[in-house]
Structures are given as structure tokens and as C-alpha cells.
Amino acid sequence: SEELFLQEFAEFLFHMFMVWTVEASFVLDARQYIESCHRRSEAHASRSLLSAMSDVVVRLDDCLRIAEECPKLASLLCYTRTKCVKGLPFMDFIPCSQDQQRFETHVTRPVPGSDDVASAINVHLRDFIGTKVGVELFHVSLLGLGEKVAHLVGVREQPDDVCEQCD
């Protein structure tokens, strides 16, 4: 009877361990789902705010490449409909090395969650025919898939801006 008791007790402990393992897995999945929904909500809110104050909103990946097709950017920079900007390095559109350095420093600040606020800088972009276009860039960092940092960049044209430093 003692042997039967120990066997049943061992089975009970095994079943409790399995229940605990399954429960922990469900809790982890639920937490990841909630965090994913929260991130999507933050990204949507950030995009909405940037859209309200910008002519164009561009999503960049962790390598600062344009992550999705952006017809408004293509239009702003006089690209034809057949020219795709997705996958191109955003830095290729910034002709001035000083502006490139400032932009790179600007977007590589701490990752979200550190109570950073969106920030802005003035730079120049080069359009399809080589003309420099003065713009104000607004930037917000986000955590994307696989915990990689992504960037939302709002672009607002500054038509009266003249590029003096890098002509």
C-alpha cells in the first residue's frame, strides 16, 4: 500500500508539473499577444500623429532602408510610378554628408520605452532629377518584428529652405 501511495503520488506530481508547464506556456503566449497588440496600437498612433503633421510618412527598417512602398515619398521626390522606393536606403535620398550624419545620429538614439519623445531635424533630400528639397523630418522609433528597431519618419517639405552648406 505504501508502494501504491508513492506511485500515485509520483503520478500526481507529474500531472501537476504538466499542468503548470501548459499553464506557463499559455500565460507566455497571452503576454506576447498582448504586447504585440500594444505595439501595433502604438505604431498606429505614431503613424496617425506623423500623418497629421507631415506630407509623407515613411517606415524604415533597422538598416534604415525603406520598409514598405511609399508612393507619397516617390511623388515628393518626383519619381515616376514605375520607380519603386521600397528597399532603397533612405540615406541615398540625403545628398549632404553633414545631413546624413545628423540624421543617423538622430535616429540611433535610445529605443522606445525610455520615455523619448518624437523629435525633428531639418535636412535636404535629393529628388529624382538631383534638385535638393528642404524638409523637416520627424522621427519615432518602434520595436518591429523580432524585437528589431524600426523607424517611422514624417517628412514635411520646407519649400523656402535653401541648401547653403553642401552645394
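**Stop 1: the aromatic cluster**

Select F5, F9 and F12: together they form one aromatic cluster. Rings of Phe, Tyr and Trp (its six-membered ring) pair here if their centres lie within 6.5 Å; planes under 30 degrees apart count as stacked, over 60 as edge-to-face and the rest as tilted. By this rule the count comes to 5 aromatic pairs. F5 and F9 make a stacked one, 6.1 Å centre to centre with 15 degrees between the planes. Both sit in helix α1 (residues 2-53), 4 residues apart, so about one helical turn separates F5 from F9.

Now colour by accessibility. Buried means under 20% relative accessible area, exposed over 50%, and partly exposed in between (1.4 Å probe, protein chains only). F5 counts as exposed at 54%. F9 is partly exposed at 40%.

Move on to F90 and F93. Their ring centres are 6.4 Å apart and their planes lie at 50 degrees, so this pair is tilted. F90 and F93 are buried.

**Before going further**

This is a predicted model: local features need pLDDT of at least 70, side-chain atom pairs count only at pLDDT 80 or more, and totals for chains, interfaces and linings use all residues. Residues are numbered from 1 along each chain as its sequence is written, and side-chain values use heavy atoms, with hydrogens and water left out.

**Stop 2: the whole chain**

Switch to cartoon. The protein has 3 helices and 4 strands. Helices (H or I, at least four residues) and strands (E, at least two) are DSSP runs, numbered from the N terminus. Along the sequence the pattern reads α-β-α-α-β-β-β. Of the 167 residues, 31% count as buried. Contact means heavy atoms within 4.5 Å. Among contacts with a separation of 6 or more, 48% join residues 24 or more positions apart.

**Stop 3: the sheet**

Select the strands. They make an open sheet of 4 strands, ordered β1-β4-β3-β2, with antiparallel pairing. Edge strands β1 (56-60) and β2 (119-126) each pair on one side only. From one strand to the next, the twist averages 35 degrees. Two strands pair if DSSP finds at least two bridges between them.

Zoom in on β3 (residues 132-143) and β4 (residues 149-157). They pair in the antiparallel sense over 9 bridges. Check two of the partners: E136 is bridged to R156 in β4, and L143 to V149 in β4. Then turn to β1, which 5 bridges join to antiparallel β4. There, R59 has L152 of β4 as its bridge partner.

**Stop 4**

Select S54, in the loop between α1 and β1. Is S54 buried or exposed? It is buried, with a relative accessible area of 11%. Show what surrounds it: not counting residues up to four places away in sequence, S54 touches F138, G154, V155 and R156.

**Stop 4: helix α3**

Select α3 and look down its axis. Which residues of α3 are buried? They are D99, F103, H106 and V107. An α-helix has 3.6 residues a turn, so residues three or four places apart point the same way.

Bring the strands back. What covers the buried residues of α3 includes β1, β2, β3 and β4.

**Stop 5: the cores**

A nonpolar core is a set of buried Ala, Val, Leu, Ile, Met, Phe, Trp, Tyr and Cys residues joined through side-chain atoms within 4.5 Å. The largest one has 26 residues, and F90, F103, L137 and V155 have the most contacts inside it. At least two residues of this core come from each of β1, α2 (71-76), α3, β2, β3 and β4.

Centre on F103. Leaving aside its neighbours within four places in sequence, F103 is in contact with L60, L64, F90, M91, I94, I121, L137 and V153.

Note on methods. Axes are lines fitted to C-alpha atoms, for helices over the stretch in contact, and angles run from 0 to 180 degrees between N-to-C directions.
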